[in-house]
Structures are given as C-alpha cells and as structure tokens.
Amino acid sequence: MGVEIERKFLAGDGWRGQVTRRVAMRQGYLGGERCSIRVRVAGSRAHLNIKSRVAGAERLEYEYEIPLSEAHEILERLSDGALVEKIRHYVDHGDHTWEIDEFEGANAGLVVAEVELAAANEPFERPPWLGREVTQERRYYNNELARHPYQDWDDR
C-alpha cells in the first residue's frame, strides 16, 4: 500500500532565488467520492494518480505512468471541473526538497509549498518564506481547486 506523508503551507516571498528546477503542470480530476483520481501532464510525462480523499498529512497514494497522448485526451474529454494549471518550483532547504506550486488560470495568485516526509512527526527546517500551514484545510488541495477555484473564494 502506498502512503504519502505531506504537509502544505502558504508560501510568501523569498524562495524564487533558490529554485533548482521548475516544471509546468496541467492536471484534471475524474469523479470519486472516497478517492481523488488525477491525470497530470508534467513536461513530456504523464501519470494517473489515485489518493484517498481526506485532508491531512497522511493519505493513501498510488501512481502509474500513462501514455502522454492518452493523458491529453483524458484531460480534454473526461475531467470534472476546471483543469488545474501551475508551475511547480523545486527548492532545497535543510534536508528536504520543497515543491512550491504557483497556480495559474482560475487559481492565479495562490502559492502553496509542500514538503514530503518519511513520517508524520518527522522534524524539518522551516524556510523563512514559509507561511501558515494549510495541511488540514481541504480547499487548498488541487482536487478541490479544480471544483472551487481560488478566484471564487470570498476570503482570499
């Protein structure tokens, strides 16, 4: 069984000069009450990802590479809600690599930093640009951003 342990935070300024690489991503979601089913195109690769639909640091996760042409067709023809478009920036800090998602389109203006951990209670060094933790807030999860984009939030 695959398990993802990840914590999410809002990201402030100051990380851009530390980016080691970046990848444009486009992803969509397919139904599922108990799980999130995502198709993601990142550069020249595509993946099908299934995660348990819970808010929190620890979730079940399964991921499989799929043909790029099929991923594009699924995104265009089968996705529920809006596509989530973002640039993922990678920043090394302490012993971890942070993934900073800078959203575009209907979620423009939102910047979320994530760190994957080996255990839910694993300590990590907080970068100075790290903002408030939003791990427990479902609306910051990509599958929710597809259904309820950031531009529609009253309390941004």
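## Pairing of S6 and S7

In this predicted model, strand S6, which covers residues 80–93, pairs with S7 in the antiparallel sense, and the pairing extends over eight bridges. Within this pairing Arg 88 stands opposite Asp 101 of S7. The hairpin that S6 and S7 form has two residues between the strands, and Gly 94 in this hairpin takes a positive phi near 60°.

## Overall architecture

The chain contains two helices and nine strands, which follow one another along the sequence in the pattern β-β-β-β-β-α-β-β-β-β-α. Its radius of gyration is 15 Å, close to the 15 Å that the globule rule gives for 156 residues, so the chain is as compact as a globular protein of that length. The C-alpha trace spans about 40 × 35 × 30 Å along its principal axes.

## Contacts, burial and surface

Among the contacts in the chain with a separation of 6 or more, 60% are between residues 24 or more positions apart, and 44% of the 156 residues count as buried. The accessible surface of the chain comes to about 8,300 Å², with 47% of that area belonging to carbon and sulfur atoms. The chain carries 22 positive and 29 negative charges, whose mean positions are 2 Å apart.

Key: Residues are numbered from 1 along each chain as its sequence is written. This is a predicted model: local features need pLDDT of at least 70, side-chain atom pairs count only at pLDDT 80 or more; totals for chains, interfaces and linings use all residues. Side-chain values use heavy atoms; hydrogens and water are left out. Helices (H or I, at least four residues) and strands (E, at least two) are DSSP runs, numbered from the N terminus. The radius of gyration is taken over C-alpha atoms; the globule rule is 2.2 Å times the number of residues to the power 0.38. Buried means under 20% relative accessible area, exposed over 50%, partly exposed in between (1.4 Å probe, protein chains only). Contact means heavy atoms within 4.5 Å. Accessible areas come from the Shrake-Rupley method with a 1.4 Å probe; for residues, only the protein chains shown count as cover. Lys and Arg count as positive and Asp and Glu as negative; His and the chain ends are not counted. The place of a charge is taken as NZ of Lys, CZ of Arg, CG of Asp or CD of Glu. Two strands pair if DSSP finds at least two bridges between them.
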